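Have the model open while you read.

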Amino acid sequence: RDVTGVQTCALPIYLLARGATPAAQNDVSGETPLIRAVLFTNNYDKQSFPKVVAALQNTITERDWHGATVFHHIAETARSRSKWSCARYYTEVLINKLLEMGPTFVQALLTTQDKHHDTAVLCAIRNNCVKVATFLLNHCPEAGDIPNLKGETANEYFRSMSEKRQSLEQPPSSPLRPGETFGSKRHGYRSKRNSHKSTISRAAS
């Protein structure tokens, strides 16, 4: 609660009821009340974000002074692994609201680039928040191929992650025979090696 006794998660609604401007931007970076709301976990903890979004739905498409949308800000909070579930929750609520408003809103926002030409999905996958990135791509596949100023794309990050996973999955040198386990295979290899050493030793003597 803040000093007035109003719960923080309900503060935007409280202020709107008293004449606050929904799209007002702060002096630091031009963040709107909705953008500020996704930077904290209050509305995730209280599961109150749908109410906040309903009250501020006309500002979902607003961008800060760096060109970042509310989805960019959600993706950046995913730098912290502890916020991945919160980021997924906020993303789902916002996408559902945008779909109510019209599918063109989803495409317009998810293909939006900030001052670095990053899309929200690129920010998410760069922070290893795969679930959020995948969710965004499912709703806007074309966002995956939009390059930033460095030439990076979200799909390239996905491919790189897939290649790293595959390189870690080392298959056995030869296929297992029916009924054979990795343990028995290793034991058999050691037995053959010891037998070979013994043969060499006898030949030398």
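The protein has 11 helices and 0 strands, where helices (H or I, at least four residues) and strands (E, at least two) are DSSP runs, numbered from the N terminus. Read from the N terminus on, the elements go α-α-α-α-α-α-α-α-α-α-α.

A bit of housekeeping: this is a predicted model, so local features need pLDDT of at least 70 and side-chain atom pairs count only at pLDDT 80 or more, while totals for chains, interfaces and linings use all residues. Residues are numbered from 1 along each chain as its sequence is written, and side-chain values use heavy atoms, with hydrogens and water left out.

**Overall numbers**

The protein has 205 residues, and 35% of them count as buried; buried means under 20% relative accessible area, exposed over 50%, and partly exposed in between (1.4 Å probe, protein chains only). Its accessible surface comes to about 12,400 Å², with 53% of that belonging to carbon and sulfur atoms. Those areas come from the Shrake-Rupley method with a 1.4 Å probe, and for residues only the protein chains shown count as cover. Contact here means heavy atoms within 4.5 Å. Among contacts in the protein with a separation of 6 or more, 68% are between residues 24 or more positions apart.

**H5, and what sits around it**

Start with H5, residues 70–77. Of its 8 residues, 7 are buried, so H5 is largely enclosed by the rest of the structure. The buried ones are Val70, Phe71, His72, His73, Ile74, Ala75 and Thr77. Their cover includes H2 (33–38), H6, H7, H8 and H9 (130–139).

**Two partners of H6**

Two packed helices are described by the angle between their axes and the distance between the axes. Axes are lines fitted to C-alpha atoms, for helices over the stretch in contact, and angles run from 0 to 180 degrees between N-to-C directions.

| Pair | Axes come within | Crossing angle |
|---|---|---|
| H5 (70–77) and H6 (84–101) | 9 Å | roughly 165° |
| H4 (49–56) and H6 | 10 Å | roughly 40° |

H5 and H6 are therefore roughly antiparallel to each other. The cut-offs: angles under 35 degrees count as roughly parallel, over 145 as roughly antiparallel, 65 to 115 as roughly perpendicular and the rest as oblique. H5 passes H6 in a left-handed crossing, a label used if the near helix is turned anticlockwise from the far one by less than a right angle, with right-handed for clockwise. On the H5 side, Val70, Phe71, Ile74 and Thr77 make the contact, and H6 brings Ala87, Tyr90, Thr91, Leu94, Ile95 and Leu98. Sorted by class, that contact has 8 nonpolar residues, 2 polar and no charged. For the classes, Ala, Val, Leu, Ile, Met, Phe, Trp, Tyr, Cys and Pro count as nonpolar, Asp, Glu, Lys and Arg as charged, and the others, Gly among them, as polar.

H4 and H6, for their part, are oblique to each other, and H4 passes H6 in a right-handed crossing. Phe49, Pro50 and Val53 of H4 meet Tyr89, Tyr90, Val93, Leu94 and Lys97 of H6. The class count for H4 with H6 is 7 nonpolar, no polar and 1 charged.

**Zooming in on Thr91**

Thr91 is found in H6 and is buried, at a relative accessible area of 1%. Not counting residues up to four places away in sequence, Thr91 touches Phe71, Ile74, Val132, Phe135 and Leu136. The C-alpha atoms of Thr91 and Val132 are separated by 7.2 Å, though the two residues are 41 apart along the chain.

**Loops**

Thr111 lies in the loop between H7 (103–110) and H8 (120–126). With a relative accessible area of 24%, Thr111 is partly exposed. Leaving aside neighbours within four places in sequence, Thr111 is in contact with Thr119, Cys140, Glu142 and Ile146. Gly144 is 33 residues from Thr111 along the chain, with 8.8 Å between their C-alpha atoms.

Which backbone angles might you check? His117, also in the loop between H7 and H8, has a phi near 70°, a positive value in a residue other than glycine. His117 counts as partly exposed at 35% relative accessibility. Asn128, in the loop between H8 and H9, has a positive phi of about 65° although it is not a glycine. At 44% relative accessibility, Asn128 counts as partly exposed.
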